[in-house]
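Please prepare a short briefing on the model shown below.

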Amino acid sequence: MNAEEKQRYLERYKEKKYSDGEFFWPDSIAKDAVVSLGIFVLLLCLAIFVGVPNEPPANPADATYIPRPEWYFLWMFQLLKYFPGQLEGVAIVALGALIAVGLFGLPFFDRGPKRHPLNRPIATVAMILIVAGMVFLTVQAAVTTPPQAEAIDLGATKEAQIKAGEELFKKNCADCHGETGEGGEIKDKPGQETRPLNSDDFLLTRTSDTIFQIISYGQPGEGMQAFGLAHGGQLADQEIRVIVTFIESWYVPPEAEGTDTAVTDLAKIENPGFAKDVKPLLDKYCSTCHSKRLKGNFSIADFDKLMKSGDHAPNIAAGDAANSTLAKMLHGVKTDAGGQMPPNRPLKQPQIELIERWINQGAQNN
Ligand code: HEC
Ligand code: HEC
């Protein structure tokens, strides 16, 4: 641009500015304020109506978590990958400084008076290249990093959590601990047994946190591996939490049991029937071990099996509860066939007496 051209340009600029031009204050500021307000309201609406996906709660022990910046910094994050090891710091500091100095220096080294992008080829091309580079790096970062695990939705209500816990327990624990924590022989490891987890002994003496720790860390010395991600297992903390909730749901407080089955009313049933009174009790308290699973080869699945099955069959002497192995076991008397039934959780006295009355009256299929 020669001097004459420049002169003309400046004159036109002056003219424009004072005839129909605008001032920075208050004209531009007002426009900026309106736009800022619009963006603020938009952000507010996004926060209220769209929100941000929940990530799992922070867990310092979880080594699988991939920290990453928000999307608008992803390009920088990606840039780091091209500077191995020690160079990372250099790259970020040097590059950052370069950008800052460049921006500060812009008015000094770009002194051309022309403003239209087409009249400023170097600046325009440089900017296009920079923006394209940022877009490229952002896309690159997005496609090469796996998505962050979102918070696993394991249900909001207690019921939903128990259900989720049950699924996880069946999948991860039931082979060794039984589907309802009844314990027993470990699948594929004959001779090795687990103690019941559903006993009052267990449930009343362990806090939720203790049970959580046992599952997360495992009991390596006793044959149970760690399940927590923090210890090399594959269950996230929330998954272990719902398993604990499921395990704790086995505990039946004594008073609840009383109202639940109306235990005290059982004493009023003078002539108990098999289908109506006895079978429901057996189903409720014995089926976890004596129906699908066959502990001692004994099944309560139907009348015939109840009377005839078992390693020590018959376990019921019709008309004689005192000499029936089953009745003895309900009282916790040690017999050749085993001890307390159900193990660790005796039935209530009225329940035992009802079964005994039924046996004494001839143990009929009535
Ligand atoms: C490979 C078999 C195996 C698997 C699978 C397994 N455990 Fe265990 N677990 C054991 C053994 C063996 C013990 C040792 C104590 C015992 O005899 O019960 C044990 C102990 C426990 C205890 C402590 C018991 C006590 O009396 O202190 C808890 C609680 C427990 N396991 C929960 C779980 C849960 C929940 C899962 C599933 C996430 C699971 N276990 C999976 C074998 C297993
Ligand atoms: C937590 C699992 C479990 C539950 C629940 C359970 N049992 Fe057993 N039962 C066993 C095991 C294990 C044996 C094998 C004997 C032993 O090792 O003590 C057994 C054996 C028996 C036997 C002897 C079978 C034979 O012929 O050798 C009888 C009878 C019996 N149970 C009755 C019952 C009754 C009745 C109930 C319900 C009121 C019940 N059990 C609930 C685990 C259980």
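Is M341 buried, partly exposed or exposed? M341 is partly exposed, because its relative accessible area is 23% (buried means under 20% relative accessible area, exposed over 50%, partly exposed in between, with a 1.4 Å probe and protein chains only).

This is a predicted model, in which local features need pLDDT of at least 70, side-chain atom pairs count only at pLDDT 80 or more, and totals for chains, interfaces and linings use all residues. Residues are numbered from 1 along each chain as its sequence is written, chains are lettered from A and ligands numbered from 1 in the order in which they are written, and side-chain values use heavy atoms, with hydrogens and water left out.

**Domains**

- The protein is divided into domain 1 (39–144), domain 2 (158–248) and domain 3 (260–360); these bounds come from an automatic or database domain assignment.
- Between the C-alpha centres of domain 1 and domain 2 the distance is 46 Å.

**Iron site of ligand 2**

- H290 (NE2) and M341 (SD) coordinate the iron atom of ligand 2 at 2.0 to 2.2 Å. Donors are N, O and S atoms within 2.8 Å of the metal (3.2 Å for Na, K and Ca); water is not among the atoms, so sites may look incomplete.
- H290 belongs to helix α12 (residues 274–290), while M341 sits in the loop between α14 (325–330) and α15 (349–360); the pair links distant parts of the chain, 51 residues apart. Helices (H or I, at least four residues) and strands (E, at least two) are DSSP runs, numbered from the N terminus.
- The arrangement around the iron atom of ligand 2 is octahedral because its six donor atoms subtend angles of 85 to 178 degrees. Six donors count as octahedral if opposite donors are over 155 degrees apart and all others between 65 and 115.
- H290 counts as buried because its relative accessibility is 9%.

**Shell around ligand 2**

- C286, C289, H290, H312 and M341 come nearest among the 22 residues around ligand 2 (a residue is near a molecule or strand if one of its heavy atoms lies within 4 Å of it).
- A polar side-chain atom of H290 is 2.7 Å from a nitrogen atom of ligand 2. A polar contact is a pair of N or O atoms within 3.5 Å; within protein, one must be able to donate a hydrogen and the other to accept it, and residues adjacent in sequence count only if both atoms are side-chain atoms.
- Oxygen atoms of ligand 2 lie 3.0 Å from a backbone N or O atom of D311 and 2.7 Å from a backbone N or O atom of H312.
- Two or more residues of the shell come from each of α12 and α14, and α12 gives the largest share, five residues.
- The shell around ligand 2 has 12 nonpolar, seven polar and three charged residues. Ala, Val, Leu, Ile, Met, Phe, Trp, Tyr, Cys and Pro count as nonpolar, Asp, Glu, Lys and Arg as charged, and the others, Gly among them, as polar.

**Ligand 1**

- The iron atom of ligand 1 is coordinated at 2.0 Å by H177 (NE2) and M224 (SD).
- Its site is octahedral, with angles of 86 to 177 degrees among the six donor atoms.
- H177 lies in helix α7 (residues 174–177) and M224 in the loop between α9 (208–217) and α10 (237–248), so the pair ties together parts 47 residues apart in sequence.
- Both H177 and M224 are buried.
- Around ligand 1 there are 22 residues, of which C173, C176, H177, R195 and M224 come nearest.
- An N or O atom in the side chain of H177 is 2.7 Å from a nitrogen atom of ligand 1.
- Oxygen atoms of ligand 1 lie 3.0 Å from a polar backbone atom of R195 and 3.1 Å from a polar side-chain atom of R206.

**Backbone details**

- The peptide bond from A313 to P314 is cis, with omega near -5 degrees; P314 is in the loop between α13 (303–308) and α14.
- M341 and P342 are also joined by a cis peptide bond, with omega about -15 degrees; P342 lies in the loop between α14 and α15.
- N297, not a glycine, has a positive phi of about 55 degrees. N297 lies in the loop between α12 and α13 and is partly exposed at 46% relative accessible area.
- A363, not a glycine, has a positive phi of about 45 degrees. A363 lies in the segment after α15 and is buried, with a relative accessible area of 4%.

Terms used:
Tetrahedral: all angles 85-135°; square planar, octahedral: opposite > 155°, others 65-115°.
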